[in-house]
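Subject: Structure for you to look at

Hello,

Here is the structure I promised to pass on. Please open it alongside this note.

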Amino acid sequence: MPEDVPVALFIFNRPDLTKLTIEQLSKSKPPLLYVFADGPRNKDEEVLCNSAIEIAKSLSWECDVHLKAESSNKGMVHQIKNGLDFVFSKHEAVLFMQDDQLLSPSSYSFVTELITKYKDDERIGHINLSNFNPSFTKNYSSSYFFSSHIKVWGFATWRRMWHSYNIEMPEWSQIDQNGLLRKFCSRRNERIGIKKMFDLHCNNNDPWTWDYQWVFNCWYRNTLAITPTRNLCIDIGFERDDSSHNTGKNPFNNPIETINFPLIHPENTQRDKRFDKCLSKIITPSVVEKIMGKLNRRLKLKL
């Protein structure tokens with residue numbers, strides 16, 4: 001029998017979001033939870049950080065909880081890197097989430113089944129829980145498909161993938177960059193934006209984020225992401241003064257859904273290029289597409 005997949009939850013100074021996240025997670029009742037709590041940056045944050053920790057410890061279901069709380073602030077990048085290093089030193093796989101991510105009640109069962117099914121399949125490196133364009137896949141017959149889009153709003157992966165992760169991504173400076181980007185990015189604007197981020201974080205010993213390096217790791221190893229046909233995760237950390245990177249409104253505010261079991265597996269392990277092209281167009285529209293989008297929205301308002 002496969003081991004339980006642990007959930008790794010990363011929290012900081014937002015007890016209100018931690019409470020919502022834990023309440024939603026209680027619908028899945030994962031049996032094993034690791035909580036990584038970053039420390040306060042100043043005296044004013046101590047109360048908030050301690051409150052978030054108490055909420056994460058007070059679960060309403062039977063669960064083996066392991067808490068690692070920092071006494072001082074390590075920062076998001078090192079908190080996540082060190083935390084996942086620790087979990088993968090003990091387990092073969094993990095479901096990752098942060099304090100502003102609400103998971104569908106289907107998420108844990110979805111992950112545990114597919115973690116086992118694709119454990120040794122090196123074509124697959126990542127399991128998305130978010131689907132940024134669920135209207136495109138709502139009529140799919142399968143429960144999931146394969147995409148080049150690597151999203152970190154709730155995801156799962158294996159030790160075999162994390163062991164190759166390097167936060168300084170030195171390989172980026174040594175490879176055919178255009179070849180890699182053309183393979184995984186459907187649009188020119190997307191390639192330009194990703195290249196800037198990869199250039200910025202290559203051999204950077206003081207990075208401000210960790211997820212672009214993870215995307216590079218998955219692409220460099222030529223892996224795809226399992227993506228559910230229903231959206232199983234939403235980020236609620238937007239439009240807040242205490243958000244690190246989520247500014248403005250959530251551009252992918254799709255409601256979380258449930259998925260039916262038993263899962264219907266796709267017939268093959270091929271990348272869904274139609275979905276990838278459509279999502280890339282949404283994420284990185286051209287100047288003309290932006291103008292047309294604004295005109296269409298104004299026309300709808302007038303009507």
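First, two notes on reading it. Residues are numbered from 1 along each chain as its sequence is written. This is a predicted model, so local features need pLDDT of at least 70 and side-chain atom pairs count only at pLDDT 80 or more, while totals for chains, interfaces and linings use all residues; side-chain values use heavy atoms, with hydrogens and water left out.

**Cavities**

There are 3 cavities of 30 Å³ or more in the structure. A cavity here is a set of points, on a 1 Å grid over the protein atoms alone, where a 1.4 Å probe fits but cannot get out, and lining residues have an atom within 4 Å of a point. A volume is the space filled by probe spheres set on the points, which are joined across faces, edges and corners.

The largest cavity holds about 90 Å³. Its lining consists of Phe 36, Ala 37, Asp 38, Lys 68, Glu 70, Lys 74, His 78, Gln 79, Asn 82 and Gly 83. Strand 2 (32-37) and helix 3 (76-88) are the elements that give two or more residues to this lining, and helix 3 gives the most, with 4 residues. (Helices, H or I of at least four residues, and strands, E of at least two, are DSSP runs numbered from the N terminus.) By class, the lining has 2 nonpolar, 4 polar and 4 charged residues; Ala, Val, Leu, Ile, Met, Phe, Trp, Tyr, Cys and Pro count as nonpolar, Asp, Glu, Lys and Arg as charged, and the others, Gly among them, as polar.

The second largest cavity has a volume of about 50 Å³. Among the residues lining it are Tyr 165, Met 169, Glu 171 and Phe 216.

**Helix 3**

Several residues of helix 3 are buried, including Val 77, Gln 79, Gly 83 and Leu 84. Buried means under 20% relative accessible area, exposed over 50%, and partly exposed in between, with a 1.4 Å probe and protein chains only. The cover over these buried residues includes strand 1 (7-11), strand 2 and strand 4 (93-98).

**Cores**

The largest nonpolar core has 45 residues, and Phe 110 and Ile 226 have the most contacts inside it. Such a core is a set of buried Ala, Val, Leu, Ile, Met, Phe, Trp, Tyr and Cys residues joined through side-chain atoms within 4.5 Å. Helix 4 (residues 107-117) supplies the largest share of this core, 5 residues. Apart from it lies another core, of 35 residues, with Val 77 and Phe 96 among them.

Leaving aside neighbours within four places in sequence, Phe 110 is in contact (heavy atoms within 4.5 Å) with residues including Ile 226, Ile 259 and Phe 261. Ile 259 sits in the loop between strand 10 (233-235) and helix 10 (273-283), and it counts as buried because its relative accessibility is 8%.

**Backbone details**

Most residues other than glycine have a negative phi, and most peptide bonds are trans. Phe 261 and Pro 262 are joined by a cis peptide bond, with omega about 0°. Met 169, not a glycine, has a positive phi of about 35°; at 1% relative accessibility, Met 169 counts as buried. Asn 203 also has a positive phi, near 55°, and at 46% relative accessibility counts as partly exposed.

Best wishes

Key. 1 Å grid on protein atoms, 1.4 Å probe; cavity = no way out; pocket = protein on both sides within 12 Å on 5 of 7 lines; lining within 4 Å.
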